[in-house]
Amino acid sequence: MTSLEKIVRKTPIWSDHQDKTFENPARTRKYSSQFNSLYTYRSNELKSRVLKLANPKWKDVDVNGEKPKFIPKVLDVPFLKPVYIIGTTLADMKYKPNVLKEVELSVQGHFQELNQIKGNTKTHKSGIESMRRASYSDPKTDKLWLEDESGRILLTGDLLNEKIIVTGLVIGVLGIEVESGIFHVVDIVYPEAAEQKPIPAALNQDGKLLLCSGLNISHQSSLDKYEILKSWIFGDLGDQRAQTVNEMILVGNSVDVSQVEHKAKTGKDKYTDDYGAQFSKFSVEYLDSFIDELTHSVPVCIVPGPGDIVELGLPKPPLHKSFFNKSSRKGNFKRLTDPVFHEVNGLRILISSGETINDIMKYIIPNINDSEDIIDESVCNDSRLRVIEDSLLWQIVAPTAPDTLCCYPFEDKDPFTLVETPHVYIVGNQPKFETSMVELKRKNGDVMPVRIISVPAFDESRTCVLLDLKTLACELLKVDI
């Protein structure tokens, strides 16, 4: 009996209609729009949801003997009067990408300062220090603004130091204008969570998802770890848990394009390298064969990531069919977008390659030039759990797009604004495995539980995550010899 015949798996129940929330077909795209349309849609969608929670929370609050009033426009805020306002946040940070500033410094010959802005400062340090080199933040000069169609106002207050606030959030703030154009914040409200679809009892069956992120296959990779993972799935390693896996999801960065070496341009061949293939043919062919063999035993879904051969901007389309000459012929192989809503056994699962969370971290961790003592202990331990949890409170999957993340200039929608609360939120390519259960509350009293899962990169950790589809319990799977 072969390995493939040893395990009889339950077939996952996929939705008859593939979710199109993050689809953006190339044939329908137009690049004439400005990004303000996306921000306007986001504000219009979330402002009323913020107001739903702000009104009952603050209407009877006593601030210096007065009850605060709601002011629709930030430029109409009265001086020294308790009020609450709603707008979109803008984080003004020293090291955020600024094309005009980079051009100016380059023309003037200020290359050292240019390297600092672009995060090219050389150092032998790693870990948290490497992350800080790419940070946008300088706590000494950072400013946080709240803006709407009328203008903007500067936010201050100790409460802001306790919160994670990045560009692109729609929030309500309670406070007082203490100086002209300066608003002291004493409380913050986020949007009401979107509704969560019920899980049909008939679909809620036993089974597990195998979550694997960051394979990072390259022409330099040692293939042993991938073959061991394959053997575990086939049941050759004697682990009974392999029999319970209904589906495998590859959560971004399945290949590593950064490992390819390019020849220098010489003689008449001045332009070939600039337009040549930016990936290893071997890595793509091996990934195709790897998935093709797996699909004989288990259904496989693949989500693209920033390290894959895919468009730079969000939302990322599915990896091209031509990369999967073998596996694309199989009915149990799916190519998904990033981010994506994936439905299995009635569960609505929001999946991200982790690019959005990694960008948010650049707003939190201060630049290399700043002292260690202002970094939160959890961040020093490479914990991303609070950031992922807060992104659900914000109700925005990618708040920093388009400010510091490239995205398509949507004109009549913002797909990153949640109009549905998932049952599970999976984020790939994170430093370590973490999980929690968050409860989001609606104005009517409904409580919506969401399982959050941070999946580490397999290439570095040799680990995957098993998610029980019925109980939503998680466990770490170590795949190694």
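The side chains of Asp 292 and Lys 330 meet in a salt bridge, with N and O 2.6 Å apart; the term covers a side-chain nitrogen of Lys or Arg within 4 Å of a carboxyl oxygen of Asp or Glu. This pair links distant parts of the chain, 38 residues apart: Asp 292 sits in helix α9 (residues 281-294), and Lys 330 in the loop between β9 (300-303) and β10 (333-335). Helices (H or I, at least four residues) and strands (E, at least two) are DSSP runs, numbered from the N terminus. Asp 292 is buried, with a relative accessible area of 15%, while Lys 330 comes out at 24% and counts as partly exposed. Here buried means under 20% relative accessible area, exposed over 50%, and partly exposed anything in between (1.4 Å probe, protein chains only).

The model is a predicted one, so local features need pLDDT of at least 70 and side-chain atom pairs count only at pLDDT 80 or more, whereas totals for chains, interfaces and linings use all residues. Residues are numbered from 1 along each chain as its sequence is written, and side-chain values use heavy atoms, with hydrogens and water left out.

Across the whole structure, a search turns up 25 salt bridges. One of them joins Arg 348 to Asp 19, with 2.8 Å between the closest N and O atoms. Arg 348 belongs to strand β12 (residues 347-352) and Asp 19 to the loop between α1 (3-6) and α2, so this pair ties together parts that are 329 residues apart in sequence. Both Arg 348 and Asp 19 are buried. The two also take part in a network of salt bridges that links Asp 19, Glu 343, Arg 348 and Glu 420.

Lys 230 counts as buried because its relative accessibility is 5%, and Glu 227 counts as partly exposed because its value is 33%.

Next come the aromatic rings. Rings of Phe, Tyr and Trp (its six-membered ring) pair if their centres lie within 6.5 Å; planes under 30 degrees apart count as stacked, over 60 as edge-to-face and the rest as tilted. By this rule there are 13 aromatic pairs. Phe 70 and Tyr 84 make a tilted one, 5.5 Å centre to centre with 35° between the planes. Since Phe 70 is in strand β1 (residues 69-70) and Tyr 84 in strand β2 (residues 83-92), the pair ties together parts that are 14 residues apart in sequence. Phe 70 is partly exposed at 26% relative accessible area, but Tyr 84 is buried at 4%. Another tilted pair is made by Tyr 226 and Phe 458, at 6.2 Å centre to centre and 35° between the planes. Tyr 226 is in α7 and Phe 458 in helix α13 (residues 458-461), so here the parts tied together are 232 residues apart in sequence. Tyr 226 and Phe 458 are both buried. Ring pairs also link Phe 22, Tyr 31, Phe 341, Tyr 408, Phe 410 and Phe 416 into a cluster.

Ile 176 is buried, with a relative accessible area of 15%. Leaving out residues up to four places away in sequence, Ile 176 touches Val 63, Asn 64, Leu 80, Lys 81, Pro 82, Ile 182, Phe 183 and His 184, where contact means heavy atoms within 4.5 Å. His 184 is also the bridge partner of Ile 176 in β6. Strands β5 and β6 pair in the antiparallel sense over seven bridges; two strands pair if DSSP finds at least two bridges between them. Their hairpin has two residues between the strands, and Gly 181 there takes a positive phi near 80°. Strand β6 (residues 182-189) is also joined by three bridges to β4 (residues 151-156), and these two run parallel. Within that pairing, Leu 154 stands opposite Ile 182 in β6.

Finally, helix α12 (residues 385-394) is mostly covered, with seven of its ten residues buried. What covers them includes α2 (36-58), α10 (355-364), β13 (424-430), β14 (434-441) and β15 (447-456). Just after α12, Gln 395 takes a positive phi of about 65°.
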